[in-house]
Every structure is written in C-alpha cells, then in structure tokens.
Amino acid sequence: MSIAQSLVGIVQQEMAKHGVTRLVSVLVRHGALAAVVPHALEFAWQAVTQDTPLAGARLDMEEVPVRLRCSSCGKEFSPEECDRLMLIPCPSCGEDLGHEVLEGKELYIENLEAE
Ligand SMILES: [Zn+2]
C-alpha cells in the first residue's frame, strides 16, 4: 500500500508541474528484486486513487531485469533466475558470492500520460 501511496504523491507532483489534471496512464518500471507484486500494486493503486482525480487511470508495469557485476573478475551479467541471488555463478570465472547489484532493485515512474 505504501508503494502505491508514494507513486500517487509523485504523480500528483508531476501533474501539478505540467499543469494537467486528468491522468490517463502511468508506466512504472520495477526491478526484479524490488519485491513488487504487480497484481498487489495494481490493487493498491486502485484503492488509493479511488475518489481522487486519478481514479480510472491505467497503471502499466514493466519489469527491469537484474544486472550483476562479478565481485571477482568484474564481468557484468544478467542471471536467468534471481530467486537465490546469493549463489549465482559468474559466467566468466565461476565466482558465486558478493556480486554487486547494478540494476534490479529500483522502482520508478518511467512515463506519465495526462491531459
Ligand atoms: Zn567473474
């Protein structure tokens, strides 16, 4: 619920900045590690926008793949699976611990359509 509320806050600021009042759609990009459950976020979005000028706007979501940098050789790679992020062997040297997460944790608004 709190993610949806902060999204609403950002959307309202952006709309005020651009002098628009009717929101058509929002595109949110979220990293595969950001612990966002699209259905849950959509549900929360509908709940917090209900009875506001944002009601009825479409919430689109796009997942950003995880990118890691090997802690040992520095190679950047995207794991197929990221449930067990702790033990993903580097495709280049096989190191499986301590990789740096370059992408995959973020959550941000990519685009707003309003009029
Ligand atoms: Zn490596």
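This is a predicted model: local features need pLDDT of at least 70, side-chain atom pairs count only at pLDDT 80 or more; totals for chains, interfaces and linings use all residues.
Reader: What separation along the chain do the C-alpha atoms of Gly56 and Asp96 have, and how far apart are they?

Author: Gly56 and Asp96 are 40 residues apart along the chain, and 45 Å separates their C-alpha atoms.

Reader: Where is Ala55, and is Ala55 buried or exposed?

Author: Ala55 also sits in the loop between helix 2 and strand 2. With 11 C-beta neighbours inside 10 Å against a limit of 12 or fewer, Ala55 counts as exposed. Leaving out residues up to four places away in sequence, Ala55 touches Thr49 and Gln50. The C-alpha atoms of Ala55 and Leu23, 32 residues apart along the chain, are separated by 8.1 Å.

Reader: And His99: why does that residue count as buried or exposed?

Author: The cut-off for buried is 20 or more other C-beta atoms within 10 Å. His99 has 23, so His99 counts as buried. His99 belongs to the loop between strand 4 (76-77) and strand 5 (100-103). Not counting residues up to four places away in sequence, His99 touches Leu68, Arg69, Cys70, Ser71 and Ile88. The C-alpha atoms of His99 and Arg67, 32 residues apart along the chain, are 9.7 Å from each other.

Reader: Let's turn to the helices. What span is expected for helix 1, and what does helix 1 reach?

Author: Helix 1 (residues 2-18) has 17 residues, and 24 Å is expected at 1.5 Å a residue. From its first C-alpha to its last, helix 1 reaches 25 Å, close to that expectation.

Reader: Which residues of helix 1 are buried, and how do you know that they line one face?

Author: The buried residues of helix 1 are Ala4, Leu7 and Val11. Seen down the helix axis, they fall within an arc of 60°, so they line one face of helix 1. An α-helix has 3.6 residues a turn, so residues three or four places apart point the same way. The face turned away from that buried side carries exposed residues, among them Ser2, Gln5 and Lys17.

Reader: What do the buried residues of helix 1 pack against?

Author: They pack against strand 1 (23-31), helix 2 and strand 6 (107-114). Leu7 is in contact with Val28, Trp45 and Ile109, leaving aside neighbours within four places in sequence. Just after helix 1, Gly19 takes a positive phi of about 65°.

Reader: How do you know that the span of helix 2 agrees with 1.5 Å a residue?

Author: The 12 residues of helix 2 should span 16 Å, and the end C-alpha atoms are 16 Å apart, which agrees. In helix 2, Trp45, Val48 and Thr49 are buried. They cover an arc of only 90° around the axis, which puts them on the same side of helix 2. On the other side, His39, Ala40 and Ala47 are exposed. The buried residues of helix 2 pack against helix 1 and strand 2. Asp51 follows helix 2, with a positive phi near 60°.

Reader: Which residues make up the largest nonpolar core?

Author: That core has 10 residues: Ala4, Leu7, Val11, Leu23, Val26, Val28, Trp45, Val48, Leu54 and Leu59. Helix 1, strand 1 and helix 2 are the elements that give two or more residues to this core. In soluble globular proteins, nonpolar side chains tend to be buried together.

Conventions: Residues are numbered from 1 along each chain as its sequence is written. Helices (H or I, at least four residues) and strands (E, at least two) are DSSP runs, numbered from the N terminus. The expected span of a helix is 1.5 Å times one less than its number of residues. The arc is that of the directions from the helix axis to the C-beta atoms. Two residues are in contact if their C-beta atoms, placed from the backbone, lie within 7 Å. A nonpolar core is a set of buried Ala, Val, Leu, Ile, Met, Phe, Trp, Tyr and Cys residues joined through C-beta atoms within 7 Å.
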